[in-house]
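Colleague: I have a structure open and would like to learn to read it feature by feature. Please start with whatever term I need for contacts between chains.

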2 protein chains.
Amino acid sequence: MQNPRHRRSPLVSKIRRDAFVIHLLCLVLTQTSLADEAGRLQEFSRSRMEMRHDSLDSEMWSMDQPVYVGLQDGLKKADKISELPGQPGKATFDQYAGYVTVDETSGKALFYYFVEAAAEDPSTKPLVLWLNGGPGCSSLGGAMHEIGPFFVNRDNKTLSKNKYAWNSVANMLFLESPAGVGFSYSNRTSDYNNTGDRSTAADAYTFLVNWLERFPEYKGHSFFLTGESYGGHYIPQLANTILSNNKIINTTMINLQGVAIGNAYLDDDTNTRAIIDYYWTHAMISKETHTAVQENCGFNGTYTGLCRTAIEEANNEKGLIDESNIYAPFCWNASDPQKQHASVTNNDPCASYYMRSYLNRQEVQRALHANTTRLKQPWSDCSNIISPENWKDAQVSMLPSIQQLISSGVSTWLYSGDIDAVCPVTSTLYSLDILGLKINSSWRAWYSDDGEVGGYVVEYKGLIFATVRGAGHMVPTYQPQRALSLFSAFLNGKLPPE
Amino acid sequence: MQNPRHRRSPLVSKIRRDAFVIHLLCLVLTQTSLADEAGRLQEFSRSRMEMRHDSLDSEMWSMDQPVYVGLQDGLKKADKISELPGQPGKATFDQYAGYVTVDETSGKALFYYFVEAAAEDPSTKPLVLWLNGGPGCSSLGGAMHEIGPFFVNRDNKTLSKNKYAWNSVANMLFLESPAGVGFSYSNRTSDYNNTGDRSTAADAYTFLVNWLERFPEYKGHSFFLTGESYGGHYIPQLANTILSNNKIINTTMINLQGVAIGNAYLDDDTNTRAIIDYYWTHAMISKETHTAVQENCGFNGTYTGLCRTAIEEANNEKGLIDESNIYAPFCWNASDPQKQHASVTNNDPCASYYMRSYLNRQEVQRALHANTTRLKQPWSDCSNIISPENWKDAQVSMLPSIQQLISSGVSTWLYSGDIDAVCPVTSTLYSLDILGLKINSSWRAWYSDDGEVGGYVVEYKGLIFATVRGAGHMVPTYQPQRALSLFSAFLNGKLPPE
């Protein structure tokens with residue numbers, strides 16, 4: 001899985017002679033990219049191109065089923081993590097992990113990891129939920145590879161402190177969602193084939209209500225929703241579910257203050273169009289192919305044969321690069337990490353492999369109170385059980401949902417790492433163009449603590465858009481310091497510094 | 001000079017209140033960027049916008065004056081470098097440096113540094129001239145910061161081996177051109193104010209003829225011209241001068257095989273247009289400002305007030321970034337190098353400061369046989385004597401010259417680091433569009449020795465264009481391995497590997 005180029009090499013010379021080999025090659029690459037969030041989203045997006053537009057879900061919806069609330073007595077204490085294996089010294093904050101049942105009948109239980117703020121009094125800091133995308137990828141990836149307090153070392157056994165951990169400013173809650181992802185599961189395995197946007201939002205909401213029963217001190221606390229990628233669906237949907245349920249008497253009031261989504265997947269057609277434009281303007285494909293796509297693709301929900309052929313040609317032309325960070329190297333061998341190749345950041349391209357190995361160690365799972373039911377599959381960054389093809393419902397466009405959020409007065413931030421070609425910055429810019437919001441404060445550079453341009457920011461009426469310079473799909477992985485600057489600004493309700 | 005952001009900080013809060021301060025700020029920034037090749041070219045390009053188009057030089061020309069040839073007896077031996085101060089061990093190749101007089105009357109002398117190929121028999125390797133741009137920047141910058149055998153360490157005193165030095169495959173000749181640049185000089189200082197494209201090409205040609213008298217073993221040897229930036233002027237002009245002089249009986253025949261120009265400055269208007277498009281597609285400026293530029297600028301040689309205001313707004317919006325590598329950090333303090341900030345490569349942003357300090361050491365100048373006439377100014381990357389405003393003639397467009405080169409059958413390569421906003425990849429692509437050459441072999445990825453996509457390549461009839469992924473304006477500085485792969489392919493007359 002780590003070495004797409006070496007896998008490919010023996011095939012390369014045959015490519016021009018043998019169309020069958022090309023097809024085979026595509027399969028190999030798809031499987032390769034399945035491993036991570038960016039690859040998963042690509043697979044999802046491509047599968048959507050094959051669907052009839054009018055069969056897709058474009059209506060607005062909210063959760064209307066009654067919410068299951070279970071007894072949570074004593075569970076918080078049981079979830080307390082004494083120490084993570086290989087942890088560097090004693091933590092200056094409390095950590096918890098465990099399961100929250102969201103459906104008693106089917107025994108559906110979602111796994112969470114909660115890291116309290118590293119502050120003298122965590123109650124002074126907001127509560128923040130983080131959701132990785134996919135669909136089907138684990139937020140433990142976010143915790144161990146992006147913004148959590150610890151990252152896994154090359155030995156796959158010990159941890160290092162993350163200097164730019166988000167729990168320096170907030171209480172961070174990581175949820176593996178939906179059931180079938182990571183350590184989350186259902187006893188009724190048919191549930192895995194009946195998942196989609198609606199049930200994911202409903203289960204995440206049920207999780208929250210129950211988790212707040214387990215951690216009642218956070219009831220009514222300032223609450224923020226953050227995440228990235230397919231979180232562009234999860235987050236507005238969960239946010240709107242919270243807002244509509246908040247209106248019902250006798251439900252748990254969740255004090256939602258804001259949402260922030262990174263490199264959001266917001267709109268099927270806009271994203272596909274933006275990717276091809278991004279390839280062209282970043283000199284990854286020829287002008288001829290870009291023109292062919294423009295001439296043959298309407299990006300209006302249907303994709304003709306000519307359009308698909310042109311898009312396929314674009315994919316061939318760009319070669320074998322990591323689209324989640326177009327300037328990054330691949331991980332060539334995670335068990336024998338070479339000296340890093342030139343990359344946009346100093347991020348180790350093999351880091352996700354160390355994480356996977358660590359989270360599959362028995363002592364780690366014991367410390368996390370995870371995998372208590374002996375799951376059949378190992379933990380992986382993106383689920384092999386929840387597949388994009390079996391994702392039952394997904395809204396074609398999240399723009400109405402974003403509009404609804406804005407109307408509700410919730411602080412809404414979109415941010416984009418600018419070297420991601422999976423949900424490129426152009427995609428969010430095109431979406432903002434469609435929303436047509438009034439500009440309150442025009443485009444300008446913002447500066448990170450290190451004095452460098454961290455990216456750019458523009459304030460619309462009701463929405464803030466910011467870029468993160470030199471960051472890929474998983475922004476905090478590639479630009480940790482800039483990401484933390486931006487996150488702090490978001491929590492403080494201020495534009496990032498100029 | 002090293003810390004534009006810190007200089008700027010005290011001013012930042014006043015910016016919106018005080019237009020005068022903005023003007024002052026612009027002056028500071030211009031002076032700051034004067035230090036390097038990319039900044040120099042920006043200054044040149046901006047000064048061109050203020051000129052009347054019809055006063056600019058757009059004709060084809062070639063050198064017609066008789067060539068001065070001096071006696072070179074014994075000078076090769078005198079130029080031999082025994083060892084560079086701080087050199088790591090004994091070199092496995094010979095090095096030479098010294099002056100070649102190009103005008104006896106005025107005592108105009110050009111300084112060169114010659115590094116023989118690190119091969120058992122250097123005579124089996126081609127001779128390659130490297131020219132940095134500017135106008136007014138020194139090719140010793142190329143030697144000590146890009147492709148030479150040694151780079152200067154942080155101590156400003158010792159050298160390290162460059163693993164990807166170009167003399168692993170060629171005999172490399174670095175020329176400081178024209179007089180007034182680096183250690184090159186004229187005894188008639190008024191010469192410094194009477195320089196431009198024509199005299200630069202003529203002097204470089206005279207240099208070559210005389211140098212070949214000093215090193216007669218390289219007469220008739222395979223010869224290649226390489227360089228970057230304003231080398232987009234120097235190289236085609238020198239190449240065409242060589243070709244036309246080769247036709248004259250009794251002149252030195254120079255066996256020119258090919259030219260390769262990186263991030264070439266080829267066409268005033270095209271480059272300016274391409275920069276603004278590059279800013280927009282790389283999310284550095286707002287759509288509104290990009291649209292304002294498109295609507296107000298014709299890019300046809302004249303720049304109206306509205307157009308200039310829109311371009312100025314674009315420059316404000318993008319903030320304080322290193323345009324020669326839009327993802328790189330600045331050098332904050334060269335005398336106390338901090339831990340590097342996140343960058344596209346592992347290049348030390350302060351490296352050019354160590355080089356400057358090293359080349360101004362007396363023992364280094366002695367070893368190089370440089371500065372024998374006690375110049376008034378210290379060595380600097382780009383000359384303070386040769387200023388862009390006093391550059392007397394420069395062709396508006398080099399495209400006819402490129403066309404002429406192609407017609408002559410000389411192997412012509414253009415290559416572009418893709419994260420440079422000074423002569424962006426789009427600029428070269430737009431120029432190629434204007435040339436309208438037939439495509440022989442269509443756009444594809446090429447792979448470097450490390451297995452990564454090194455960039456993209458397309459073969460036109462008579463010209464090869466290649467990109468270098470993740471490289472800025474000075475391609476080999478940012479992506480040394482990829483640059484060497486490409487250079488080897490160029491010398492071998494083959495497309496880079498797929």
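Modeller: Salt bridge, then: a side-chain nitrogen of Lys or Arg within 4 Å of a carboxyl oxygen of Asp or Glu. Some ground rules too: this is a predicted model, where local features need pLDDT of at least 70 and side-chain atom pairs count only at pLDDT 80 or more, while totals for chains, interfaces and linings use all residues. Residues are numbered from 1 along each chain as its sequence is written, chains are lettered from A and ligands numbered from 1 in the order written, and side-chain values use heavy atoms, with hydrogens and water left out.

Colleague: How many salt bridges are there between chain B and chain A?

Modeller: Two. One of them joins the side chains of B:Asp433 and A:Lys287, at 2.5 Å from N to O.

Modeller: Several elements of chain B each supply at least two residues of the side that touches chain A, among them α8 (268-281), α9 (287-296), α14 (425-435) and β10 (439-447). The largest share comes from β10(B), with five residues. By residue type, that side of chain B divides into 24 nonpolar, 12 polar and 15 charged. Here Ala, Val, Leu, Ile, Met, Phe, Trp, Tyr, Cys and Pro are nonpolar, Asp, Glu, Lys and Arg are charged, and the others, Gly among them, are polar. Helices (H or I, at least four residues) and strands (E, at least two) are DSSP runs, numbered from the N terminus.

Colleague: What area do chain B and chain A bury between them?

Modeller: The size of an interface is often given as the accessible area lost when the parts come together. For this pair it is about 4300 Å², with 51% of it on carbon and sulfur atoms; the figure is the accessible area (1.4 Å probe) lost on being put together, summed over both parts. Counted by contact (heavy atoms within 4.5 Å), 51 residues of chain B meet 51 residues of chain A.

Colleague: Let's go inside a chain. How many of the six residues of strand β12 of chain B are buried?

Modeller: Six of six, so β12(B), residues 463-468, is largely enclosed by the rest of the structure. Buried means under 20% relative accessible area, exposed over 50%, and partly exposed in between (1.4 Å probe, protein chains only). In a regular strand the side chains alternate between the two faces of the sheet. In this one, B:Leu463, B:Phe465 and B:Thr467 point one way, B:Ile464, B:Ala466 and B:Val468 the other, and all are buried.

Colleague: Which strands pair with β12(B)?

Modeller: Pairing takes at least two DSSP bridges. Strand β9(B), residues 411-417, runs parallel to β12(B) over six bridges, with B:Tyr415 partnered by B:Ala466. Strand β11(B), residues 453-460, is antiparallel to β12(B) and joined to it by four bridges, with B:Glu459 opposite B:Ile464. β11(B) and β12(B) form a hairpin with two residues between them, and B:Gly462 in the turn has a positive phi of about 95 degrees.

Colleague: Which residue other than glycine has a positive phi?

Modeller: Most residues other than glycine have a negative phi, and most peptide bonds are trans. B:Ala283 goes against that, with phi near 55 degrees; it sits in the loop between α8 and α9 of chain B and is buried at 0% relative accessible area. B:Ser229 has a positive phi of about 60 degrees, lies in the loop between β7 (223-228) and α7 (231-246) of chain B, and is likewise buried at 0%.

Colleague: And where is the cis peptide bond in chain A?

Modeller: Between A:Gly134 and A:Pro135, with omega about 5 degrees. A:Pro135 lies in the loop between β3 (127-131) and α5 (139-147) of chain A. In chain B, a cis bond joins B:Gly134 and B:Pro135, also with omega about 5 degrees.

Colleague: What does the side chain of A:Ser485 make a polar contact with?

Modeller: The side chain of A:Ser448, at 3.4 Å. A:Ser485 is in helix α16 (residues 480-492) of chain A and is buried at 12% relative accessibility. Leaving out residues up to four places away in sequence, A:Ser485 touches A:Trp446, A:Ser448 and A:Asp449. As for chain A overall, it has 16 helices and 12 strands, and 63% of its 498 residues count as buried.

Technical notes:
Buried area = accessible area lost by both parts, 1.4 Å probe. Polar contact = N/O pair within 3.5 Å; in protein donor to acceptor, adjacent residues only side chain to side chain.
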